[in-house]
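Trainee: I would like to know what the labels on this model rest on. Can we go through them one at a time?

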Amino acid sequence: MTLIAPSILSADFAALGEAVRNMQRWEADYIHLDVMDGSFVSNITFGHTMIKALRKHTSLPFDAHLMVENPLKWVPTYKAAGVDIFTFHIEADRHAHRTIQQIKKCEMKAGIALNPSTPLTSIEYLLDDLDMVLIMSVNPGAPAQKFIPSAVEKIRKLNDMICERGLDVLIQVDGGINETTAKHCIDAGANILVAGNAVFSALDPKIMIRRLRCENC
Ligand code: DX5
Ligand code: ZN
């Protein structure tokens, strides 16, 4: 079954506690937390302090997407804040294998995010150690952008890599996900879809989440 991780980036930042409570009520699978440091991406959103404050408002897993420089230094801090999945950008880390080791030592799931221009070969020697790969289908840093079609082929190739090695690595896709692009991503092998704008702009977010799962496709 496809999992849906709505991104709170599209929620009302003046009421994020209510947003995560709503997401649980809408039967989301994960809460996608877009952390931006204003350096790796030009935008700034929130950090571990906000995440710690949100932790008591939901029992859903916290899926943190760190669009930050030097992610290694943040691993213990985000564990303490209550994060379950720690995903960092391969482009922001010269020692990605060490960061994955630290994430696992802190008993979180380890994810690596690839920007649209970053090839799959960049994680060839890391795939066996990962729990999840995040394929960016937009350039990181902002919500409600247009889906980049080349992401579909990248998902398909990653799925082939995972199957050939007999690995149990989840494929997450992030950016521009709507009912149309969701189906293309699922057909190509995606397991988890991040959706901000599509969910928070929907008349009925609970129904939209069900539609994005494409249960009857
Ligand atoms: C972009 C973020 C995405 C984004 C979701 O840097 O990583 O999670 O907020 O995009 P939309 O709003 O298109 O679903
Ligand atoms: Zn994200």
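What follows is a short exchange about one residue and one ligand in a predicted model.

Trainee: Why is V169 called buried?

Mentor: The relative accessibility of V169 is 8%. Buried means under 20%, so V169 at 8% counts as buried.

Trainee: Where does V169 lie, and what does V169 touch?

Mentor: V169 lies in the loop that runs between α5 (150-165) and β7 (170-174). Leaving out residues up to four places away in sequence, V169 touches L127, L130, D131, M132, V133, I162 and N191. A contact here means heavy atoms within 4.5 Å.

Trainee: What makes the pair of H65 and ligand 1 a polar contact?

Mentor: A polar side-chain atom of H65 is 3.2 Å from an oxygen atom of ligand 1. The cut-off is a pair of N or O atoms within 3.5 Å, so the pair at 3.2 Å qualifies. On the backbone side, a polar atom of G141 is 2.7 Å from an oxygen atom of the ligand, and for G176 the value is 2.8 Å. Taken alone, ligand 1 exposes 380 Å², and the protein buries 99% of that.

Trainee: Where does ligand 1 sit, and which elements give two or more residues to the shell around ligand 1?

Mentor: Ligand 1 sits in the largest pocket. The elements giving two or more residues to its shell are β2 (31-36), β3 (62-67) and β8 (192-195). The most comes from β2, with 3 residues.

Trainee: Which residues come nearest to ligand 1?

Mentor: Of the 22 residues around ligand 1, the nearest are D34, G141, D174, G176 and G196.

Methods:
Residues are numbered from 1 along each chain as its sequence is written. Chains are lettered from A and ligands numbered from 1 in the order in which they are written. This is a predicted model: local features need pLDDT of at least 70, side-chain atom pairs count only at pLDDT 80 or more; totals for chains, interfaces and linings use all residues. Side-chain values use heavy atoms; hydrogens and water are left out. Helices (H or I, at least four residues) and strands (E, at least two) are DSSP runs, numbered from the N terminus. Buried means under 20% relative accessible area, exposed over 50%, partly exposed in between (1.4 Å probe, protein chains only). A residue is near a molecule or strand if one of its heavy atoms lies within 4 Å of it. A polar contact is a pair of N or O atoms within 3.5 Å; within protein, one must be able to donate a hydrogen and the other to accept it, and residues adjacent in sequence count only if both atoms are side-chain atoms. Accessible areas come from the Shrake-Rupley method with a 1.4 Å probe; for residues, only the protein chains shown count as cover. On a 1 Å grid over the protein atoms alone, a cavity is a set of points where a 1.4 Å probe fits but cannot get out, and a pocket is an open set with protein on both sides within 12 Å along at least five of seven lines; lining residues have an atom within 4 Å of a point. A molecule sits in a cavity or pocket if more than half of its atoms lie within 2 Å of its grid points.
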